[in-house]
Amino acid sequence: MEKILTITVPSYNVEKFLEKTLDSFLAEEVLGELEVLIVDDGSKDRTAQIGKKYEEKYPGTFRVISKENGGHGSTINRGIREARGKYFKVVDGDDWVDTDGLAELIRRLRTCEADYVFTNYYEVNDGTGELHAVTFPGIRTEEVIPFASLTGETRISMHALVLKTSILKENRIRLDEHCFYVDVEYILYPVPYLKTAVYFDIFVYMYRLAQATQSVSMAGYQKHIQNHIDVILHVLDYINEYKKQPDCDEIKVGYMSHRIAEMTRDQVDIFTSFPLSDKSIRRRFQKFDAAVKEKSPSVYEKSGEYSGMLRLLRKTGFRFYVPIVKLSKMRNGETKTEN
């Protein structure tokens, strides 16, 4: 049977969660049209063994791919290379899907030809179980539309996204390896090649929040600060290369630039989360800001629009770093004083 959807499951030491993840894919009526690639990224626990149980029980659907550790991007790169489905989705090994929602998605994908498909999802508080619905109001549902019509303020995350596999394969989409925060690369690198999109008003992804070890916690951002910087600068290079192409679409350039300007604003928050007395962080901040300005004056300008503190730091040449950051935090209700 033709595989309609490939789900790649990046899996590193997820034995605690993986059975719940894999069980959620067991929609019997569409199982033959689903391919699940459990990409074991050099796990030290029972991740691979758990995956093998599903491979043995459902050999036409589940497959374990064990490899040396290479990071989240490497697992997605491998999934793209191995995928046989018409469409491609990523579900992390500590998240899961709504089984009925997945079945409905596959039914709709049977007759879908859009390059870019997105759905609703839930953010799930890992401590309380509370659900927060993420939807896309204002966008026409069930109707194939030009991708360019999404390039306003709509911010579509990886959890919502389903991409046509041929887009990824034919254009050799490849993410950074041994690096955190490559989700934005996965979201933006296909953009130059996308023509059509469709929004299905169904809930599929269940995104687990509030784990203390998550890379998207502030502690995680501090630990992996250079990865966050690298991804921003690499995407800026990618945008600059795209701008050189004769078929470059300025609307798509604007869409990608807008997203990286947001990520640059987030980088400001990461820098200023460190102790204000750390002069090495200040120097890294200035170096990063200069690199953004050199690579993309438009992203540099847009990121300043998002952050009054950043505008003031630039205006003063970072000379009054400590009082400016303290003042900004006080205005934002952060009363804790750092030295």
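**Group meeting: core, cavity and loops**

Let's begin with Val-235, which sits in helix H8, residues 225-243. Helices here are DSSP runs of H or I with at least four residues, strands are runs of E with at least two, and both are numbered from the N terminus. A word on the source: this is a predicted model, where local features need pLDDT of at least 70, side-chain atom pairs count only at pLDDT 80 or more, and totals for chains, interfaces and linings use all residues. Residues are numbered from 1 along each chain as its sequence is written, and side-chain values use heavy atoms, with hydrogens and water left out.

Back to Val-235. Is Val-235 buried or exposed? Its relative accessible area is 0%, so Val-235 is buried. Buried means under 20% relative accessible area, exposed means over 50%, and partly exposed is in between, using a 1.4 Å probe and protein chains only. Val-235 touches Val-184, Glu-185, Leu-188, Tyr-189 and Ile-260, leaving out residues up to four places away in sequence. Contact here means heavy atoms within 4.5 Å. Take Ile-260 from that list. Val-235 and Ile-260 are 25 residues apart in sequence, and their C-alpha atoms are 7.6 Å apart in space.

Ile-260 takes us to the core. The largest nonpolar core has 108 residues. A nonpolar core is a set of buried Ala, Val, Leu, Ile, Met, Phe, Trp, Tyr and Cys residues joined through side-chain atoms within 4.5 Å. Which residues have the most contacts inside this core? They are Leu-5, Phe-25, Leu-109, Tyr-116, Val-117, Tyr-186 and Ile-260. As background, nonpolar side chains tend to be buried together in soluble globular proteins.

Look at Val-117 next. Not counting residues up to four places away in sequence, Val-117 touches Tyr-87, Leu-105, Leu-109, Cys-112, Ala-160, Leu-161, Val-162, Val-198 and Phe-200. One of those, Val-162, lies in strand S9, residues 161-164. Val-162 counts as buried because its relative accessibility is 1%.

How many cavities of 30 Å³ or more does a search of the whole structure find? It finds 1. On a 1 Å grid over the protein atoms alone, a cavity is a set of points where a 1.4 Å probe fits but cannot get out, and lining residues have an atom within 4 Å of a point. The largest cavity holds about 90 Å³ of space. Grid points are joined across faces, edges and corners, and the volume is the space filled by probe spheres set on the points. There are 11 lining residues, and the closest to the centre are Thr-154, Arg-155, Tyr-255, Arg-259 and Glu-262. Helix H6 (183-188) and helix H9 (250-272) each give two or more residues to the lining. H9 gives the most, with 4 residues.

On to the loops. Asn-13 lies between strand S1 (5-11) and helix H1 (18-23). At 32% relative accessibility, Asn-13 counts as partly exposed. Setting aside residues up to four places away, Asn-13 touches Ser-43, Lys-44, Asp-45 and Thr-47. The Asn-13 side chain reaches the backbone nitrogen of Lys-44 at 2.6 Å.

Backbone angles, briefly. Most residues other than glycine have a negative phi. Asn-13 has a positive phi, near 50°. Tyr-181 has a positive phi too, near 70°. Tyr-181 is in the loop between helix H5 (165-170) and H6. Tyr-181 counts as buried, at 11% relative accessibility.

Last stop, Ser-296. Where is Ser-296? Ser-296 is in the loop between helix H10 (279-295) and helix H11 (297-306). Ser-296 is buried, at 7% relative accessibility. Its side chain reaches the backbone nitrogen of Val-299 at 3.1 Å.

How values were computed. 1 Å grid on protein atoms, 1.4 Å probe; cavity = no way out; pocket = protein on both sides within 12 Å on 5 of 7 lines; lining within 4 Å. Polar contact = N/O pair within 3.5 Å; in protein donor to acceptor, adjacent residues only side chain to side chain.
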